[in-house]
Amino acid sequence: MRHAALILLALILGFASFSGAALAQTATTPGLARPHAPHGAKVLIVSPKNGAHVGQDVLVKFGVKGIKLAPSTDTAANTGHHHLLIDQNELPPLAVPIPNDATHKHYGKGQTEDTIHLEPGDHTLQLDFADATHMQFSPLLVSKRITIHVK
Ligand SMILES: [Cu+2]
């Protein structure tokens, strides 16, 4: 009897925390949802290589596997475009579109490379793949964050 009461209590508490979490999620989710990444999809910086010494004009080549590269006008599922994060220690917030500025560059035409200009010194580069609404995938489709040395 006592055992059954404990089980009932556990069920009630479990339900309460579940609905609490659902409420919290509703409160923080804006209009846009994160797209689901296909299993095995991958994003990588083809060049430059991590640790490379380069000039101030750097040709960055973007790679993607297992998901279709498309312009941001294409809203089909399992498509997206590259974003290059420059000198960012953290990814942009996941609940909103990736910001569009000099250190969060969007390649909404479906580009596969760009030449960027950097000041001398060390810089980091990371690719962050996102859908037509610039929302990051779940799970994330990001490259390794590489460091390059600009002469
Ligand atoms: Cu974008």
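Reading from the N terminus, the elements of this chain run α-β-β-β-β-β-β-β-β-β-β. That makes one helix and ten strands, and the model you are looking at is a predicted one. Of the 151 residues in the chain, 18% count as buried. Among contacts with a separation of 6 or more, 70% come from residues 24 or more positions apart. Here is a short tour, topic by topic.

- Three strands form an open sheet in the order 1-3-8, and their pairing is antiparallel.
- Its edges are strand 1 (42-47) and strand 8 (113-117), each of which pairs on one side only.
- From one strand to the next, the twist averages 30°.
- Strand 3 (residues 57-65) and strand 8 run antiparallel and are joined by five bridges.

**The largest nonpolar core**

- The largest nonpolar core has 17 residues, and the members that touch the most others are L127, F129 and L141.
- Two or more residues come from each of strand 1, strand 3, strand 6 (83-86) and strand 9 (121-127).
- Strand 3 is the top contributor, giving three residues to this core.

**A closer look at H53**

- You will find H53 in strand 2, which covers residues 53-54.
- Is H53 buried or exposed? H53 is exposed, because 9 other C-beta atoms lie within 10 Å of its own, and a residue counts as exposed at 12 or fewer.
- Not counting residues up to four places away in sequence, H53 touches H149 and K151.
- H53 and H149 are 96 residues apart along the chain, yet their C-alpha atoms are separated by 4.7 Å.

**Points to take along**

- For the sheet, keep in mind the order 1-3-8, with strand 3 joined to strand 8 by five bridges.
- For the core, strand 3 comes up again, giving the most residues, while L127 is one of the members that touch the most others.
- For H53, the picture is an exposed residue that touches H149 and K151.

Terms used: Residues are numbered from 1 along each chain as its sequence is written. This is a predicted model: local features need pLDDT of at least 70, side-chain atom pairs count only at pLDDT 80 or more; totals for chains, interfaces and linings use all residues. Helices (H or I, at least four residues) and strands (E, at least two) are DSSP runs, numbered from the N terminus. A residue is buried if 20 or more other C-beta atoms lie within 10 Å of its own, exposed if 12 or fewer, and partly exposed in between; C-beta atoms are placed from the backbone. Two residues are in contact if their C-beta atoms, placed from the backbone, lie within 7 Å. Two strands pair if DSSP finds at least two bridges between them. Axes are lines fitted to C-alpha atoms, for helices over the stretch in contact, and angles run from 0 to 180 degrees between N-to-C directions. A nonpolar core is a set of buried Ala, Val, Leu, Ile, Met, Phe, Trp, Tyr and Cys residues joined through C-beta atoms within 7 Å.
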